[in-house]
Amino acid sequence: MKEKFPEKYYSFSCTKCGYCCCEEGYVFFTEEEIDKASNILNMDRQDFIFSYLEKDEFGEYYHIVKKDSCCSFLIDNLCIIQEDKPSQCSTFPYWDEYMDINGNILKSKFKRKCPGIK
Ligand code: SF4
Ligand code: SF4
């Protein structure tokens, strides 16, 4: 019978390099996260949505990070909505798609560039 290799895990400690804020993709905001972020920036909620977000066909709001650019909320390599950034950001890299059921980050699943991953 073929032996199964044990899973290998990564440890994680964020270096605050900001690299993950400059990857092409989408940052999703819940309604509550929109309220919090617009409050931090002292912006009217609708202005915040108009300035930063798009809405998909399911009614979900998202901010686009284009190729070769960074998230609009990254200024001088710091997130200006850090204390209330979206859960997508605050939970990275502890995302279901990268973890086992015990919350370990699996080497077999996490294939992104992140200097905090060892
Ligand atoms: S890429 Fe990794 S180490 Fe760098 S800021 Fe993002 S989570 Fe932290
Ligand atoms: S919201 Fe903040 S943490 Fe999230 S991608 Fe933008 S700058 Fe980075």
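Around ligand 1, the shell residues split into eight nonpolar, three polar and one charged, where Ala, Val, Leu, Ile, Met, Phe, Trp, Tyr, Cys and Pro count as nonpolar, Asp, Glu, Lys and Arg as charged, and the others, Gly among them, as polar. This is a predicted model, with local features needing pLDDT of at least 70 and side-chain atom pairs counting only at pLDDT 80 or more, while totals for chains, interfaces and linings use all residues. Residues are numbered from 1 along each chain as its sequence is written, chains are lettered from A and ligands numbered from 1 in the order in which they are written, and side-chain values use heavy atoms, with hydrogens and water left out.

The shell of ligand 1 (residues with a heavy atom within 4 Å of it) consists of Phe-12, Cys-14, Thr-15, Lys-16, Cys-17, Gly-18, Tyr-19, Cys-20, Phe-92, Cys-114, Pro-115 and Gly-116. For ligand 2, the shell is made up of Cys-21, Val-27, Cys-71, Phe-73, Leu-74, Cys-79, Ile-81, Lys-85, Pro-86 and Cys-89. By class, that comes to nine nonpolar, no polar and one charged.

A pocket here is an open set of points on a 1 Å grid over the protein atoms alone, where a 1.4 Å probe fits, with protein on both sides within 12 Å along at least five of seven lines; lining residues have an atom within 4 Å of a point. Of the 36 lining residues, Cys-20, Cys-21, Lys-85, Cys-89 and Phe-92 lie nearest the centre. Strand E2 (25-29), strand E6 (78-79) and helix H3 (87-90) each give two or more residues to this lining, and E2 gives the most, with four.

As for the fold, the protein has three helices and seven strands, taken as DSSP runs numbered from the N terminus (helices H or I, at least four residues; strands E, at least two). Of its 118 residues, 28% count as buried, meaning under 20% relative accessible area, with exposed being over 50% (1.4 Å probe, protein chains only). In helix H1 (residues 31-40), the buried residues are Glu-33, Ile-34, Ala-37 and Ser-38. They fall within an arc of 125° seen down the axis of H1, so they line one face of the helix; the arc is that of the directions from the helix axis to the C-beta atoms. Exposed Glu-32 and Asn-39 are carried on the face of H1 turned away from its buried side.
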